[in-house]
Amino acid sequence: MSVVLRGVVLPLAEFALEVDIELAARTTALCGPSGAGKTSLLEVIAGLRRPRGGAVEVAGRTLFDAARRVDVAPRLRRVGYVPQDDALFPHLSARGNILYGARDDIAHVEEVLEIGSLGSRGVRKLSGGERKRVALARALVSRPEILLLDEPLAGVHAELRGRVLEYLVRVRDEFAIPMIYVTHDAAEAAALCDEVVMMDRGRVGAQHALRPRSG
């Protein structure tokens, strides 16, 4: 499955996001300095930001095309997005958050992520690692065609990062959903991803394979 961004232009505060790239790896790490436009790129794919021009295609389906005036609503894009702050609803329980917008049975997802026991717990009583897993579960049960993960280990205590990364690897292998994974950590990228794409000041640079391409 591929993600194609052709001639995408999005003005930002200090520069413009200008992207023309095709991503066909199972899992792609998107790396670069803070403020390079990585989050904005994910938001364009998710439909949370509307480019001034260009086109976005996921799995052969056009999600945005400025010339043809196509702009699929975020809820219809089949894109699972986990932002840095998790965006969990504080008034809902862990299970209430997972069920929000669910299109699939949550039992298997809860089993893979080992969060079944968190069901009735309030969001404010979850640890950083538990919040990440709940946010990931909510994205998975929406039956996405792609997962966008924006620094999912940010805010997780150092001693827990390895454990959360293990869950991400498990999700990659169990559900076979392509991922774009924003990170500053080369070790994370090497553990999870098939390729890495560098980004700076709104533009993507070289793509480097980390392992043979699959899926």
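Ala, Val, Leu, Ile, Met, Phe, Trp, Tyr, Cys and Pro count here as nonpolar, Asp, Glu, Lys and Arg as charged, and the others, Gly among them, as polar. The model is predicted: local features need pLDDT of at least 70, side-chain atom pairs count only at pLDDT 80 or more, and totals for chains, interfaces and linings use all residues. Residues are numbered from 1 along each chain as its sequence is written, and side-chain values use heavy atoms, with hydrogens and water left out.

View 1. A cavity is a set of points on a 1 Å grid over the protein atoms alone where a 1.4 Å probe fits but cannot get out; lining residues have an atom within 4 Å of a point. Grid points are joined across faces, edges and corners, and a volume is the space filled by probe spheres set on the points. The largest cavity, of about 70 Å³, is lined by V82, K132, R133, L136, L149, P152, V164, Y167 and L168. Two or more lining residues come from each of α4 and α5 (158-175). Seven of the lining residues are nonpolar, none polar and two charged.

View 2. L149 lies in strand β8; helices (H or I, at least four residues) and strands (E, at least two) are DSSP runs, numbered from the N terminus. L149 counts as buried because its relative accessibility is 1%, where buried means under 20% relative accessible area, exposed over 50% and partly exposed in between (1.4 Å probe, protein chains only). Leaving out residues up to four places away in sequence, L149 touches L42, V82, L136, L168, M179, I180, Y181 and V182, contact being heavy atoms within 4.5 Å.

**View 3. The six-stranded sheet.** This open sheet runs in the order β7-β8-β9-β3-β10-β11, with mixed pairing. Its edge strands, each pairing on one side only, are β7 (79-82) and β11 (203-209). Strands pair if DSSP finds at least two bridges between them; β3 (residues 27-31) and β9 (residues 179-182) do so in the parallel sense over four bridges. In this pair, L30 stands opposite V182 in β9.

**View 4. The largest pocket.** A pocket is an open set of grid points with protein on both sides within 12 Å along at least five of seven lines. The space in the largest pocket is about 560 Å³. Of its 20 lining residues, V79, G80, Y81, R138 and S142 are the closest to the centre. Strand β7 gives the largest share of the lining, four residues. By class, twelve lining residues are nonpolar, three polar and five charged.
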